[in-house]
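Please read the following briefing alongside the sequence and the 3D structure. It begins with one residue and then takes up topics in turn.

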Amino acid sequence: MAQNPTRTVTGSIVYLGAMTERPRFHANDHSRDNLVLEKHTVTVEDARARAVPASLAREGFTLVPHRSAIADFRDPDEVMRHAPGELDTLLKSVSGADAVAMFGPAILRFGEASPEAGKLNNSQPARFSHIDSSDARSRGVAA
């Protein structure tokens with residue numbers, strides 16, 4: 001049995017640096033941001049080429065095949081009809097969780113070359129590693 005060669009690429013990812021003040025990010029008005037951002041060189045591995053697949057228990061993620069019923073991801077009504085149920089079922093089956101909590105609709109982002117870039121709320125590409133959650137939402141309160 002032939003072994004898969006490790007496939008990697010080196011690139012830069014921007015992370016939040018050390019701060020003495022609370023960081024603030026405003027998706028649609030960067031003049032209000034309070035962030036110390038640091039660029040780090042990282043090596044990213046193509047997990048699809050691994051001889052031993054990634055697992056939730058070991059790597060904290062896994063890759064699973066899934067075919068969505070969503071034909072047009074730019075149609076918010078179609079996404080809302082299918083995505084919550086699909087994701088709930090998929091995440092429960094992969095993780096073994098009894099329940100899944102999802103917050104709000106997904107944010108559709110576009111590259112700068114797209115004619116749709118910036119036309120929707122918060123639709124510019126993310127410029128640093130982050131999690132899309134507010135303090136209130138993290139506490140289980142709608143934000």
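Is Phe-25 buried, partly exposed or exposed? With 40% relative accessibility, Phe-25 counts as partly exposed, where buried means under 20% relative accessible area, exposed means over 50%, and partly exposed lies in between (1.4 Å probe, protein chains only). This is a predicted model, in which local features need pLDDT of at least 70 and side-chain atom pairs count only at pLDDT 80 or more, while totals for chains, interfaces and linings use all residues. Residues are numbered from 1 along each chain as its sequence is written, and side-chain values use heavy atoms, with hydrogens and water left out.

**Overall fold and dimensions**

- The protein chain holds two helices and two strands, which are DSSP runs numbered from the N terminus (helices are H or I with at least four residues, strands are E with at least two).
- Along the sequence these elements come in the order β-β-α-α.
- The radius of gyration of the protein chain is 18 Å, whereas a compact globule of 143 residues would have one near 15 Å; the radius is taken over C-alpha atoms, and the globule rule is 2.2 Å times the number of residues to the power 0.38.
- The C-alpha trace spans about 55 × 40 × 35 Å along the principal axes of the protein chain.

**Surface, burial and charge**

- Of the 143 residues in the protein chain, 13% are buried.
- The protein chain exposes about 11,100 Å², and carbon and sulfur atoms supply 54% of that area, as computed by the Shrake-Rupley method with a 1.4 Å probe; for residues, only the protein chains shown count as cover.
- The mean positions of the 17 positive and 18 negative charges lie 2 Å apart, with Lys and Arg counted as positive, Asp and Glu as negative, and His and the chain ends not counted; each charge is placed at NZ of Lys, CZ of Arg, CG of Asp or CD of Glu.

**The aromatic pair**

- One aromatic pair is found in a search of the whole structure.
- The pair is edge-to-face, because the rings of Phe-25 and Phe-128 have centres 5.2 Å apart and planes at 85°; rings of Phe, Tyr and Trp (its six-membered ring) pair if their centres lie within 6.5 Å, and planes under 30 degrees apart count as stacked, over 60 as edge-to-face and the rest as tilted.
- Phe-25 sits in the loop between strand E1 (8-16) and strand E2 (37-45), and Phe-128 in the loop between helix H1 (76-95) and helix H2 (135-138), so the pair ties together parts that are 103 residues apart in sequence.
- Phe-128 counts as buried, because its relative accessibility is 17%.

**Strands and contacts**

- Among contacts between residues at least 6 apart in sequence, 39% join residues at least 24 apart, where contact means heavy atoms within 4.5 Å.
- Val-14 lies in strand E1 and counts as buried at 18% relative accessibility.
- Leaving aside residues up to four places away in sequence, Val-14 touches Leu-37, Glu-38, Lys-39, Arg-127, Phe-128 and Ser-129.
- Glu-38 is in strand E2 and, at 34% relative accessibility, counts as partly exposed; with the same exclusion of residues up to four places away, its contacts are Ile-13, Val-14, Tyr-15, Gly-17 and Ala-18.

**Separations in space**

- The C-alpha atoms of Val-14 and Val-42, 28 residues apart in sequence, are 10.0 Å apart.
- Arg-32, in the loop between E1 and E2, is exposed at 51% relative accessible area, and its C-alpha atom lies 31 Å from that of Met-80, 48 residues away in sequence.
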